[in-house]
Amino acid sequence: MGREERIAENLTAIQQRVADAAERSGRTAADVTLVGVTKYVGVPETEALIAAGCRDLGESRPQELWAKAAALSDLGRSAPAPAPARADPPGAGLRWHLIGHLQRNKVKRTLPLLWLTHSGDSLRLLKALDQSATALQGCARVLLEVNISGDDAKHGFAPDELPVILPQLAELKQLHVQGLMAMARLAGDAEAARRDFAALRELRDRLRPGCPAEVGLDQLSMGMSRDFEVAIEEGATMVRVGSALFEGVAG
Ligand SMILES: *Cc1c(COP(=O)(O)O)cnc(C)c1O
C-alpha cells in the first residue's frame, strides 16, 4: 500500500472511532473536531492527509507551522496572509492550530497564520496575542491551557488561577477565548487519563457561573492518539491526534 492510501485509511479509521466515541457520549461526530497533528511528518505526508479530507492541522512548534503553512498555501508564497478574523482562513481552506508553547517574540509572525491557539498558557502571552490581533485588525482565538494533572514539566494555568484570570481576559477585546485545553498526565493508563479529562470538564462547569460573557468556555481540547476516545467520552470537543494518523508510514 502506498503512503497516500495508508494515511487515508488511517484517517477513515480514526474518524470512525471519533464518531463511535461521540455517540457513546450522546453526541455526533460533527460535535468533535479532529485536529490532525503533523509535527512528526513532512509536507508530502501532510498533503496526503489534506487530500484525504483533514482540514484542521496542528503543529506544536511555531517555526514548523510557518514552514508547512508556506509550503501548503499559495498565500504563503505570493501574498500577505489575511487577518485571522476573516471567514476564510489562509491556506486553501486549511485551519492551522498551534498546540505547543508560543513564545511572545513569535506572536506577530504566527498569529496571521492561525485559526486557533490551543496553548494560551500565561497572561503575558494572552496580552501579546490581543495586542497583535488589534494591530492586524483581527482577532486571536485561543484556548486556555490548564495544567490539570499538576505535572511540574507542563505549561498552563493552575486550575485555581482561572477564577482570577477570566475577568482580566474579558478586558482584552481582540482576544476570543473559546474554551480550555489540557493533556493527561504522562505516566498513567487510560483510566488515569479519564480522571484528568473529567477534571477539566468539571473545572469548566465550576467556572461557568462566574465567567464574564466575553469569555467562552464551550470548547474542550483534550485527547491524543492514545486516549482520544476516553477524552471524547468525557466531553472533548476537539481531539489532537498525530502518531495514529501516520502509523505504518515512514516519517
Ligand atoms: C504531539 C502532540 C499531540 C499529538 O500526539 P500523538 O500522541 O502523536 O497523537 C497532541 N497534543 C499535543 C499538545 C502535542 O504536543
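## Helices α1 and α2

Helix α1 passes α2 in a right-handed crossing, meaning that the near helix is turned clockwise from the far one by less than a right angle. Helices here are DSSP runs (H or I, at least four residues), numbered from the N terminus. The contact, defined as heavy atoms within 4.5 Å, brings together Arg-3, Glu-4, Ile-7 and Leu-11 of α1 with Pro-44, Glu-45, Ala-48 and Leu-49 of α2. Sorted by class, these residues are five nonpolar, no polar and three charged; Ala, Val, Leu, Ile, Met, Phe, Trp, Tyr, Cys and Pro count as nonpolar, Asp, Glu, Lys and Arg as charged, and the others, Gly among them, as polar.

Helix α1 covers residues 3-24 and α2 residues 43-51; they pack at an angle of about 50 degrees, with axes 9 Å apart. That makes α1 oblique to α2. Axes are lines fitted to C-alpha atoms over the stretch in contact, with angles from 0 to 180 degrees between N-to-C directions. Oblique is what remains after roughly parallel (under 35 degrees), roughly antiparallel (over 145) and roughly perpendicular (65 to 115).

## About the model

This is a predicted model, in which local features need pLDDT of at least 70 and side-chain atom pairs pLDDT 80 or more, while totals for chains, interfaces and linings use all residues. Residues are numbered from 1 along each chain as its sequence is written, and side-chain values use heavy atoms, leaving out hydrogens and water.

## Helices α2 and α3

How do α2 and α3 meet? The axes of α2 and α3 (residues 62-72) come within 11 Å and cross at roughly 60 degrees, and the two helices are therefore oblique to each other. Val-43, Thr-46, Glu-47 and Ile-50 in α2 meet Lys-68, Ala-71 and Leu-72 in α3.

## Around the ligand

Residues around the ligand (a heavy atom within 4 Å) include Lys-39, Tyr-40 and Arg-240. A ligand oxygen atom is 2.5 Å from an N or O atom in the side chain of Ser-225.

Technical notes
Polar contact = N/O pair within 3.5 Å; in protein donor to acceptor, adjacent residues only side chain to side chain.
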